[in-house]
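Work through the exercises below with the sequence and the model at hand. Each task is followed by its solution.

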Amino acid sequence: HGILFRKRTIIPVSRIQHMDIRQGPLQKRFSLANIVIFTAGQAHEIEAVLLSEAQEIVDNINRLIIKEEENGNL
């Protein structure tokens with residue numbers, strides 16, 4: 001992951017159904033987390049993000065979703 005192979009997936013905000021922040025025991029020890037973004041057909045995971053950054057990313061995406069809903073784009 002990350003050195004030899006890289007994958008970039010772009011998910012439209014309108015396709016996001018919900019998101020989770022997950023931590024295993026080892027991740028908790030190092031303040032890391034995985035962000036899981038759920039769409040209708042799949043779950044996409046961003047691995048090994050600092051917990052504070054993961055929370056900030058999820059909050060920012062939530063703000064974008066709310067903004068899109070208010071503008072009537074969803």
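**Exercise 1.** Which residues form a nonpolar patch on the surface, and about how much accessible area do they have together?

Solution. This is a predicted model. The patch consists of Ile-3, Leu-4 and Phe-5. Together these residues have about 460 Å² of accessible area.

**Exercise 2.** State how many helices and strands the chain has, and give their order.

Solution. Step 1: the count is 2 helices and 3 strands. Step 2: read from the N terminus, the order is β-α-β-β-α.

**Exercise 3.** Describe the dimensions, surface and burial of the chain.

Solution. Step 1: the C-alpha trace spans about 40 × 25 × 20 Å along its principal axes. Step 2: the chain exposes about 6100 Å², and 51% of this area comes from carbon and sulfur atoms. Step 3: of the 74 residues, 22% are buried.

**Exercise 4.** Report the charged side chains and the sequence range of the contacts.

Solution. Step 1: there are 9 positive and 9 negative side chains. Step 2: the centres of these two sets are 7 Å apart. Step 3: take the contacts between residues at least 6 apart in sequence; 28% of them join residues at least 24 apart.

Notes: Residues numbered from 1 in each chain as written. Predicted model: local features only at pLDDT ≥ 70, side-chain atom pairs only at ≥ 80, totals over all residues. Heavy atoms only, no water. Patch = residues over 30% accessible without salt bridge, like charges linked within 9 Å, V, L, I, M, F, W, Y side chains within 5 Å. Areas by Shrake-Rupley, 256 points an atom, 1.4 Å probe, with all protein chains shown as cover. Salt bridge = Lys/Arg side-chain N within 4 Å of Asp/Glu carboxyl O. Helix = DSSP H or I, 4+ residues; strand = E, 2+ residues; numbered from the N terminus. Buried < 20%, exposed > 50% of the residue type's maximum accessible area, 1.4 Å probe, protein only. Contact = heavy atoms within 4.5 Å. Lys, Arg positive; Asp, Glu negative; His and termini not counted. Charge placed at Lys NZ, Arg CZ, Asp CG, Glu CD.
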